[in-house]
Amino acid sequence: MLCEILQVITRESLLVAQREDLRRVMEMLNLSEQHARTLLIYHRWDVEKVFAVFVEKGKDKLFGEAGVTAKSCKIKHAPAAMTCEVCMEDIPKHKATTMDCGHCFCNNCWTEHFVVKINEGKSRRITCMAYKCTAICDEAIVRNLVSARDPDLAERFERFLLESYIEDNQRVKWCPSVPHCGNAIRVEDEKLCEVECTCGVQFCFSCSSEAHSPCSCLMWELWVKKCRDESETVNWITVNTKSCPKCYKSVEKNGGCNLVSCICGQSFCWLCGGATGREHTWTSIAGHSCGRFKEDQEKQAERAKRDLNRYMHYHNRYKAHTDSFKLESKLKETIESQILMLEGKESELKDFSWLTNGLNRLFRSRRVLSYSYPFAFYMFGEDLFGDEMTPVEREMKQNLFEDQQQQLEENVEKLSKALEEKYDGLEDDNLKQSRMQLINLSVITDRLCKSMYECIENDLLGSLKLATHNIAAYKSKGVERASELLVRATKGNNSISCLQTSSSISATGGTVEVGRSSSSSLNFENGCPSRKRSKREAFGNVLFDLNLPAEVIDKS
Amino acid sequence: MQINTDDAILSIHLLVVPHLQASRARLFKEYKEVQREKVADPDIQLVCDDTNIFKWTALIKGPSETPYEGGIFQLAFAVPEQYPLQPPQVRFLTKIFHPNVHFKTGEICLDILKTAWSPAWTLQSVCRAIIALMAHPEADSPLNCDSGNLLRSGDLRGYQSMARMYTKLAAMPKKG
């Protein structure tokens, strides 16, 4: 059931995914494909919305808003020649085209119009040239006329139409992988979630950056910016150094009295930064008295120092856990080889999934733990919620959260340690014991993660009055992994898709369609996904699954 | 040497021609049309620049029963290469007090010059649309906020007298 909810749309399946929605609208409203497409683009590929508007407002309104003109019978057999209102030339009938809306212009002007619109990036809604006519131009006509002038542009037009399904669709997002894997992900209902593409990249569906819960999207954005920013470095420099009055290098005091000398040889007073002579006692410098404190400066420096310390605290921990996560990724291979060894041995235990499950649990909770630090940095800092909590409230909440965080941290470390044990050398009894321990630890960490998310949602973010921060819910089985769209639909649609491809080729004039779109349609017509993908898939399933459900552990 | 320049000219022609020729041809048609219609529409006088068919100016009469009555307003047209698929840029050269005209630059806020442009419009019909805009100011999308605010707050008299004053100052021939 879960697979139905999250789906990967690859280059190959894009056409199929789109066609599914198109077909529903075509069948329901008895429309041609291009009209269905126009309707869906207008309503951002929300099929339900199209039907709702149809029921509420009626067919005419639905069509009118979106710019669909049901074919008017072509009675208007104009005289053999007409004047095109755009170029004002007299044009023989066969060099002019009448759109469904009844407006007729010469082919040259239409083509120019299409070229301009496609280049402006408006391929998805090219309207008629007549004043105040909102009708959308017939795809086939656009295709024909443009490909006669500029085949490359015609191909781009085709691609824009296709990709509209991703770009104008709230339920679909491009996978943010770099270099781009070419996939997009479609979710069913819940748009606030974290997903994993078949290429392995995990990302937050609402902001398209890496999966970052329990941070909210805003917090994460700020955090990334802050880490990238040099402002903290600059801060540190202002707090801890003074610049030499001669060479202007930053000088850090490494001990001693207030007479400091720079590597350039210049000595100066640490208190005021002014140049001095070299003679001094412990309390005074010869020929120099900088006198009183300037309180403001002092305060500012103190504040900057405090902020910096705070940031360093959270950043160090965040970094530590991210680094551990990277190191632990290497455990993967060790554990796998151990499992192989164990399976080869004569032993009572046959199933070693508890080891992989434990490892997955470690990865999962390590991530949660590392992202919980930037969360705390913003949750209990002044940047975001300065006005929302009194200092007392803040302290209470911080304690609550930090207790949980600490518990989680402890158990994650235990889990990490447990996984580094050499299992393949253990006797059966010891092995069983270790197994129990690992399973216990896994269950505990999972529970702790869950309760931390709950605490964040109910006690911390939930109580805010002004700001709304949403975070993706905790899923103990890990970030939801998208499944391949569609062997099923491919089969069901095969006949239609064949039809479509052939018609589109004839429409483009046959000579044009060499590039990607035709090859991709061929690909799924055969029903065989590209070799690269099937390989990757095998890799994902056989070797390692980050997302094995915790329930499995619970049961055992 | 001779051959080279010829080649260059030829290639320039090949490169540029599709757009330029289309827009040039169309502007030429409009030019002829304007010559013919001159008598028909006494409120509009469209003139093409002697050396550049993409630059036009127009003199339009302020519509009667508006504060602009009696004034002659000058408009400048800059026609893009992709005309008529893209709209011409039009602005007032004569100072005018009107909610939808920028008081300093003369820029005009009119839907047909932006999103609602259709290639079926001509320079002549754009002039007509501008005259219509002068008679029916759209206070809700003001480029000239002072003027817009007067209208929106219902001070029709204030708006009219300001507009009339500027018409007198800027758009009427000085007497004596």
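Tutor: Helix 3 of chain A (residues 33-42) holds both A:Arg37 and A:Glu33, which are four residues apart, or about one turn of the helix. Helices here are DSSP runs of H or I with at least four residues, strands are runs of E with at least two, and both are numbered from the N terminus. This is a predicted model, in which local features need pLDDT of at least 70 and side-chain atom pairs count only at pLDDT 80 or more, while totals for chains, interfaces and linings use all residues; side-chain values use heavy atoms, without hydrogens and water. Residues are numbered from 1 along each chain as its sequence is written, and chains are lettered from A and ligands numbered from 1 in the order in which they are written.

A:Arg37 and A:Glu33 form a salt bridge, with their closest N and O atoms 2.9 Å apart. The term requires a side-chain nitrogen of Lys or Arg within 4 Å of a carboxyl oxygen of Asp or Glu. Both A:Arg37 and A:Glu33 are buried, that is, under 20% relative accessible area, where exposed is over 50% and partly exposed lies in between (1.4 Å probe, protein chains only). The two residues also belong to a network of salt bridges with A:Arg19, A:Glu139, A:Arg143 and A:Glu158.

Over all chains, 25 salt bridges are found. One of them joins the side chains of A:Glu120 and A:Lys117, at 3.7 Å from N to O. A:Glu120 has 35% relative accessibility and therefore counts as partly exposed, whereas A:Lys117, at 18%, counts as buried.

A further salt bridge connects A:Glu413 with A:Arg366, the closest N and O atoms being 2.9 Å apart. A:Glu413 lies in helix 14 (residues 391-419) and A:Arg366 in helix 13 (residues 353-379) of chain A, so this pair ties together parts that are 47 residues apart in sequence. A:Glu413 is partly exposed at 36% relative accessibility, while A:Arg366 is buried at 1%.

Between chain A and chain B there is one salt bridge. Here the side chains of A:Glu89 and B:Lys29 meet at 3.2 Å, N to O. The contact between the chains (heavy atoms within 4.5 Å) takes 13 residues from chain A and 17 residues from chain B. The two chains bury about 1,300 Å² between them, 64% of it on carbon and sulfur atoms; buried area is the accessible area (1.4 Å probe) that two parts lose on being put together, summed over both.
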